[in-house]
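These are my notebook entries on one structure. I set down each item as I looked it up.

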Amino acid sequence: MHTPEQVQSALNMYKMQGGQATTVLELNEKELGDEGTVALCGALKDKSNSSFRVLDLRWNNIQDDGAKALAAILTEKRVKLETIRLGGNNIGADGATALANALKSNNTVTSLDLKGNFIAAAGAQAFAEYLKTNGSITDLNLGANRIGPVGGQAIGEALKENKKLATLDLQANGIGDVGATAILDSLNNGNTALTNLEVERNNINEDLEYQLSKRIGRKK
């Protein structure tokens, strides 16, 4: 399912099975790769495929080119996606940056799952810049992306300016005390939106973890 024709045929079959007004497109574990993702994104720009609101592309070996193709359609008026699931792929900093930049011009996507990719510190920094714009995202999963202390600090500092994000998952990223301190500082000085935070497996000292847990707990 890699050529535009094959993709459109698959989408037509999908809609026949779920009804023309189906809103959820589940294509996880379909071995799409970048080539298939590029073809899929081309098809999603078509008016006949404008009903989809949820796009599940987990575990498809999508890399930066595929992520960039997806980023490109997020500014298309006909594309009204609200939830995008990209967990378990191979998206790096370039792909993540493209997505973050595209989201600045998008007002429909509210949930993005990038868990288990390789966006690293540079990708996290790009999302930090996005968060400062107070875009439409309310649920962001960047878990297991090797963002490290630098990426964690960037996200943490951006939270001070963000008034929309309610759920943030940064598990297993090695953000350490540096990243955790930046997050806690934002929670104590300006951020009132974040109500769900996951920071397990990040080499954070117990006192900081407790303070973060207590701070979020008070806001629920």
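Which residues line the largest cavity? I found Leu44, Asn49, Ser50, Phe52, Arg78, Val79, Lys80 and Leu81 in its lining. I worked on a predicted model, in which local features need pLDDT of at least 70 and side-chain atom pairs count only at pLDDT 80 or more, while totals for chains, interfaces and linings use all residues. Residues are numbered from 1 along each chain as its sequence is written, and side-chain values use heavy atoms, with hydrogens and water left out.

**Cavity.** I took a cavity as a set of points, on a 1 Å grid over the protein atoms alone, where a 1.4 Å probe fits but cannot get out; lining residues have an atom within 4 Å of a point. Points are joined across faces, edges and corners, and the volume is the space filled by probe spheres set on them. I counted 1 cavity of 30 Å³ or more. The largest cavity holds about 50 Å³ of space. I sorted its lining by class into 4 nonpolar, 2 polar and 2 charged residues, with Gly placed among the polar and Asp, Glu, Lys and Arg as charged; Ala, Val, Leu, Ile, Met, Phe, Trp, Tyr, Cys and Pro are nonpolar.

**Helix α5.** I read helices as DSSP runs (H or I, at least four residues) and strands likewise (E, at least two), numbered from the N terminus. The 12 residues of α5 (120–131) should span 16 Å at 1.5 Å a residue, and the end C-alpha atoms lie 17 Å apart, which agrees. The expected span is 1.5 Å times one less than the number of residues. Buried residues (under 20% relative accessible area; exposed is over 50%, partly exposed in between, 1.4 Å probe, protein chains only) in α5 include Gly123, Phe127 and Leu131. I found the buried residues of α5 packed against α4 (93–103), β4 (111–113), β5 (139–141) and α6 (148–158), a contact being heavy atoms within 4.5 Å.

**Core.** A nonpolar core joins buried Ala, Val, Leu, Ile, Met, Phe, Trp, Tyr and Cys residues through side-chain atoms within 4.5 Å. The largest has 64 residues, and Leu40, Leu86 and Phe127 have the most contacts inside it. Leu40 touches Val7, Leu11, Leu25, Leu27, Leu32, Leu55 and Leu57, with residues up to four places away in sequence not counted.

**Gly190.** I located Gly190 in the loop between α7 and β7 (196–198). Gly190 is partly exposed, at 37% relative accessible area. Gly190 touches Lys160 and Lys163, again not counting residues up to four places away in sequence.

Notes
On a 1 Å grid over the protein atoms alone, a cavity is a set of points where a 1.4 Å probe fits but cannot get out, and a pocket is an open set with protein on both sides within 12 Å along at least five of seven lines; lining residues have an atom within 4 Å of a point.
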